[in-house]
Amino acid sequence: MPLVTPVTKLLNIRIPIVQGGMQWVGVPKLVAAVSNAGGLGVITALTQPNPAALRNAIRETRSLTSKPFGVNITLLPSINPPDYAGYARAAVEEGVKIFETAGNNPGELIRFFKSNGCVVIHKCTTIRHAKSAVKLGVDILSIDGFECKCRSSWRGRYRRPRIGTQDSHSPEMHAHLTHSLRAPQKELNVPYLASGGIADARGVAASLALGAAGVNMGTRFMCTVESPIHENIKKTIVASSEQDTVHIFRTLHNTARVFKNKVSMEVVQIERRPGGAKFEDVRELVSGQRGKVVYENGDPDYGIWSAGISIGLITDIPTCDELLRTLEKGTEDIITNLSTVVVKSKL
Ligand SMILES: Cc1cc2nc3c(=O)[nH]c(=O)nc-3n(C[C@H](O)[C@H](O)[C@H](O)COP(=O)(O)O)c2cc1C
């Protein structure tokens, strides 16, 4: 019994599971493995040093799969922003038809992709951003919850109430996914993915029950055979519990959930200092290059690296094919078995 949802139809995939863009992780081998397994693999554009390298990554992915795959473009606040338009143009010229956008002010990119007949998935955490994205014509929303390996900067600042919340005064409102998924049903007219904290069939089935048309997963895909990160980091994820992540940059209104290690705890301590911290105070510690080295040399304490609460649910390192089969079968079984709970009422 296949799982058919508006997302499987729109993306032409078998299982409503998307591998979200992941810096240093969303590379052709993983992307193709996810797509070959029936989900949607997504190349992370900014992992490639320039648009020409992205073209090569797209070609390499295409040589590994004939199935649909997408490209993620994440708009980060930066003094010297990457050539976003160049990456977008390269991907469209290479024939990519599915894009995942994330971050601030995605309007221009979304308009460009829509004018080229592409399907756009946009990541967001606030009802306001979700509504704007729908107005811009996005086809699918990816709704991130508090559980996610979240980074406010790739979905807009959390200063506004997030989906499912009422509080507009808290500097950073984080709603749990079970709560966040209610609002879009009432307020938005596009299918949406549940994102954050999902790593097993129960999470997929629960997301569908909450109204999502599929799920977006990141951390779970880090810990697969085809994921490019060092084996020791995969083993570290398997050995970790849901207690092993921490929020950094919360006081800087740019919250990110990362693995709890010496470096991230030092960042948290600096942020807690009387008078708080400025980005300059932690710049060295949080350098993306140090995070990249973690994935290359396998030392989990070398730098900051991304991980969601779902690490607590990850107990193995399967191939993407094994993973997606297990999730598909498990989800079908849960949904089918749930019907046995219903006893015909005599009323
Ligand atoms: C290692 C890692 C790197 C990520 N990098 C990005 C990124 O560059 N852009 C982006 O939009 N999302 C990024 N994400 C978020 C994922 O696409 C996805 O939304 C998130 O991981 C879902 O939550 P989960 O990890 O609990 O499954 C990253 C996630 C991880 C784990």
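The model is a predicted one, with local features requiring pLDDT of at least 70 and side-chain atom pairs counted only at pLDDT 80 or more, while totals for chains, interfaces and linings use all residues. Residue numbers start from 1 along each chain, following the sequence as written. Helices (H or I, at least four residues) and strands (E, at least two) are DSSP runs, numbered from the N terminus.

Start with the sheet. Eight strands make an open sheet in the order E1-E8-E7-E6-E5-E4-E3-E2, and the pairing is parallel; two strands pair if DSSP finds at least two bridges between them. Strand E1 (17–19) and strand E2 (41–44) sit at the edges, each pairing on one side only. From one strand to the next, the twist averages 25 degrees. E2 and E3 run parallel and are joined by four bridges, and Thr44 has Asn72 in E3 as its bridge partner.

Axes are lines fitted to C-alpha atoms (for helices, over the stretch in contact), and angles between N-to-C directions run from 0 to 180 degrees. Helix H5 (residues 107–115) lies across E3, strand E4 (98–103) and strand E5 (119–124), and runs at about 160 degrees to E5. Helix H6 (residues 127–135) also packs on the sheet, where it touches E5 and strand E6 (140–144), and its direction makes about 165 degrees with that of E5.

Next come the helix pairs. Helix H2 (residues 28–36) packs on helix H3 (residues 51–64) at an angle of about 40 degrees, the axes being 9 Å apart. H2 and H3 are therefore oblique to each other; on this scale, angles under 35 degrees count as roughly parallel, over 145 as roughly antiparallel, 65 to 115 as roughly perpendicular and the rest as oblique. The H2 side of the contact consists of Pro28, Val31 and Ala32, and the H3 side of Ala57, Glu60, Thr61 and Leu64. By class, these residues are five nonpolar, one polar and one charged. Here Ala, Val, Leu, Ile, Met, Phe, Trp, Tyr, Cys and Pro count as nonpolar, Asp, Glu, Lys and Arg as charged, and the others, Gly among them, as polar.

H3 also packs against helix H4 (residues 84–93), at an angle of about 30 degrees and with the axes 9 Å apart. That angle makes H3 roughly parallel to H4. Pro51, Leu54, Arg55 and Ile58 of H3 meet Gly86, Tyr87, Ala90 and Ala91 of H4, a set with six nonpolar residues, one polar and one charged.

Helix H9 (residues 201–209) and helix H15 (residues 320–338) cross at roughly 55 degrees, with their axes coming within 8 Å. H9 and H15 are therefore oblique to each other. From H9, the contact takes in Ala201, Arg202, Val204 and Ala205, and from H15, Leu327, Gly330, Thr331, Ile334 and Ile335.

Finally, the ligand. There are 28 residues around the ligand, and Gly20, Ala102, Gly218, Thr219 and Gly308 come nearest; a residue is near a molecule if its C-beta atom, placed from the backbone, lies within 6 Å of it. Strand E3 (69–75), strand E8 (214–217) and helix H10 (219–222) are the elements giving two or more residues to this shell. H10 supplies the largest share, three residues. Overall, the shell has nine nonpolar, 15 polar and four charged residues.

How values were computed. Contact = placed C-beta atoms within 7 Å.
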